[in-house]
Amino acid sequence: PYQVFGGIRFYERKEVKDLLAGLRFAFNPNDEVSFERLQKTFGKRRSRVLIENLPRLANELTLTQLIDSFLNNSNYINYLESHYKNYKDRIENVQELVNFASSFEGQGLAAFLEAVSLVQSQDKPEGMNGVKLMTIHLSKGLEFNNVFVCGCSEGLLPHERSIGSPEELEEERRLMYVAMTRARKNLFLTLNSIPSRFLYELPEELLTFKGLGQEKSSLPDEDEMYIEY
C-alpha cells in the first residue's frame with residue numbers, strides 16, 4: 001500500500017493557511033474563520049479590498065488565476081519577504097500549494113478545497129502503514145526509518161535549469177541535503193542516467209553502490225561524467 005500526500009504539517013504552516021483562507025472565503029463568503037484570518041494577516045484596510053473582490057473573482061477566474069490574483073492583490077510575497085527571515089522557504093511552500101492547485105484547474109475551486117480538507121483530516125504519516133510518496137519540499141520536518149530519494153541524476157537533482165547558476169545550484173544542493181536528512185536508519189539514492197554531482201560529494205566509505213543486476217560496484221569515475229562545475 002502507498003499514500004500520496006501533501007503532508008499534514010505542510011498545511012499547518014502559516015503561509016499555507018493564509019492562502020487557503022483567501023480561497024475558502026472566495027468560495028464561501030460566510031466563512032467567519034477565514035474572514036478573521038484575512039483581517040489578522042493583512043489588517044482591516046487591505047483585507048477589506050480582498051474580501052470585497054474574492055467571491056466575485058471566484059466566479060470569473062480559473063483556480064490558478066484566482067490564486068495569482070489573491071497573491072498579487074494582497075502583495076503576499078512582499079509581505080513574506082519583509083516579515084520573515086526564512087521567507088524563501090515560505091515562498092517555496094506557497095509555490096508548492098500553487099503547483100498542487102494547478103492539477104485541479106479543470107475541476108475548479110470546490111474540488112481543490114475538498115481535496116485539501118481530505119488531506120488535513122488524515123492521520124499523521126508516522127501512524128500509517130505503507131509507502132509515503134511526497135516531494136522533497138513537503139518532507140521538511142518529517143523523518144522516516146527508510147527513505148528513497150528518486151532521480152539523483154544530473155538534470156533532475158540538480159535540475160538542468162540550475163546548472164548554469166551558482167546560486168540556484170547551491171539551492172539544489174540544500175534540497176538534496178533536506179531529502180537525505182529525512183532518513184533515521186537507511187537512505188537509498190536512486191538514479192537512471194548520469195549520477196548527480198552531489199553523490200560525489202558524499203564520503204565514499206559511507207556508500208554502497210549497486211547497479212542493476214550487479215552485486216556490488218561503485219560510481220563511475222567522476223572525470224568520465226563530463227560534469228562542468
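This report describes how helix α4 packs against two other helices, α5 and α1, in a predicted model.

## Basis of the description

The model is predicted, with local features needing pLDDT of at least 70 and side-chain atom pairs counting only at pLDDT 80 or more, while totals for chains, interfaces and linings use all residues. Residues are numbered from 1 along each chain as its sequence is written, and side-chain values use heavy atoms, with hydrogens and water left out.

## Helices α4 and α5

Helix α4 covers residues 76–83 and helix α5 residues 87–102, helices being DSSP runs of H or I with at least four residues, numbered from the N terminus. Their axes lie 8 Å apart at an angle of about 155°, where axes are lines fitted to C-alpha atoms over the stretch in contact and angles run from 0 to 180 degrees between N-to-C directions. That angle makes α4 roughly antiparallel to α5 (over 145 degrees).

On the α4 side the contact (heavy atoms within 4.5 Å) is made by Tyr76, Ile77, Leu80 and Glu81, and on the α5 side by Tyr87, Arg90, Ile91 and Val94. These residues divide into six nonpolar, no polar and two charged, with Tyr, Ile, Leu and Val counted as nonpolar and Glu and Arg as charged.

## Helices α1 and α4

Helix α1 (residues 14–27) packs with α4 at an angle of about 155°, with the axes 12 Å apart, and α1 and α4 are therefore roughly antiparallel to each other.

Lys14, Glu15 and Asp18 of α1 meet Tyr76, Tyr79 and Leu80 of α4 in this contact, whose residues divide into three nonpolar, no polar and three charged.

Conventions: Parallel < 35°, antiparallel > 145°, perpendicular 65-115°, else oblique.
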